Amino acid sequence: QFDQAIRKEAAEMKTHYELFYCLENSLRELITETMKVLGANWWEEKVPEPVRREAEANRKRESEMGVTLRSDDPIDYTTFGQLGDIVRANWAQFADTFSNPQAFNRIMTSLNQLRAPIAHCCPLAPDEVDRLRLTLKDWFRVMS
């Protein structure tokens, strides 16, 4: 039912989507595991208030749509950029995981820019595919 050119483009993009799916969900898991040592109320006590507020608004919108909620965990309602905000706000907790805060910030900015076309179903240009590969290498390099 779909145009063959669109189907071909989708097939080419699925690898990039899969990478971001793994990266974003791995980062959520890393944050949760790292922060829970601070106590059961880490979300309320350590996550920046604007992030908590937006996550709750996202959950509420989903609930009001009458669809199955994606999760009971508020971190699952955060954006990729907000995950970076959580890490930056709690850098002392993540200093053993990420080797350098400036490198972390640069890589998160680059990943967030690369994520937009992937998440919004637009093709990545060949140069951006290369940039994604290099940025992912940087990501794993900055992790201690």
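Nine aromatic pairs: that is what this structure holds. A pair here means rings of Phe, Tyr or Trp (its six-membered ring) with centres within 6.5 Å; planes under 30 degrees apart count as stacked, over 60 as edge-to-face, and the rest as tilted. Take Trp 91 and Phe 104. Their pair is tilted, at 5.7 Å centre to centre with 55° between the planes. Trp 91 sits in helix 5 (residues 91-94) and Phe 104 in helix 6 (residues 101-119), so the pair ties together parts 13 residues apart in sequence. Helices are DSSP runs of H or I with at least four residues, strands are runs of E with at least two, and both are numbered from the N terminus.

Before going on, the ground rules. This is a predicted model: local features need pLDDT of at least 70, side-chain atom pairs count only at pLDDT 80 or more, and totals for chains, interfaces and linings use all residues. Residues are numbered from 1 along each chain as its sequence is written, and side-chain values use heavy atoms, with hydrogens and water left out.

Are Trp 91 and Phe 104 buried or exposed? Both are buried. Buried means under 20% relative accessible area, exposed means over 50%, and partly exposed is in between (1.4 Å probe, protein chains only). Trp 91 and Phe 104 also belong to one aromatic cluster, together with Phe 94, Phe 98 and Trp 139.

Now Thr 34. Its place is in helix 1 (residues 4-35). Thr 34 is buried, at 14% relative accessible area. A polar atom of its side chain lies 2.8 Å from the backbone oxygen of Leu 30. Which residues does Thr 34 touch, not counting those up to four places away in sequence? Gln 93 and Phe 94. Contact means heavy atoms within 4.5 Å.

The overall picture. The protein has seven helices and zero strands. Along the sequence the pattern reads α-α-α-α-α-α-α. The C-alpha atoms fill a box of roughly 50 × 40 × 20 Å along the principal axes. Of the 144 residues, 33% count as buried. Take the contacts between residues at least 6 apart in sequence: 65% of them join residues at least 24 apart.

Ser 144 lies in the segment after helix 7 (126-142). Ser 144 counts as exposed, at 66% relative accessibility. Still, leaving aside neighbours within four places in sequence, Ser 144 is in contact with Asp 96, Thr 97, Phe 98 and Ser 99.

Compare another pair of positions. Gln 113 is found in helix 6. Gln 113 is exposed, with a relative accessible area of 58%. The C-alpha atoms of Gln 113 and Gly 81 are separated by 9.7 Å, and these residues are 32 apart along the chain.

One backbone item to finish. Cys 121 lies in the loop between helix 6 and helix 7. Its phi is positive, about 60°, although Cys 121 is not a glycine. Cys 121 counts as exposed, at 72% relative accessibility.

Definitions and conventions:
Polar contact = N/O pair within 3.5 Å; in protein donor to acceptor, adjacent residues only side chain to side chain.
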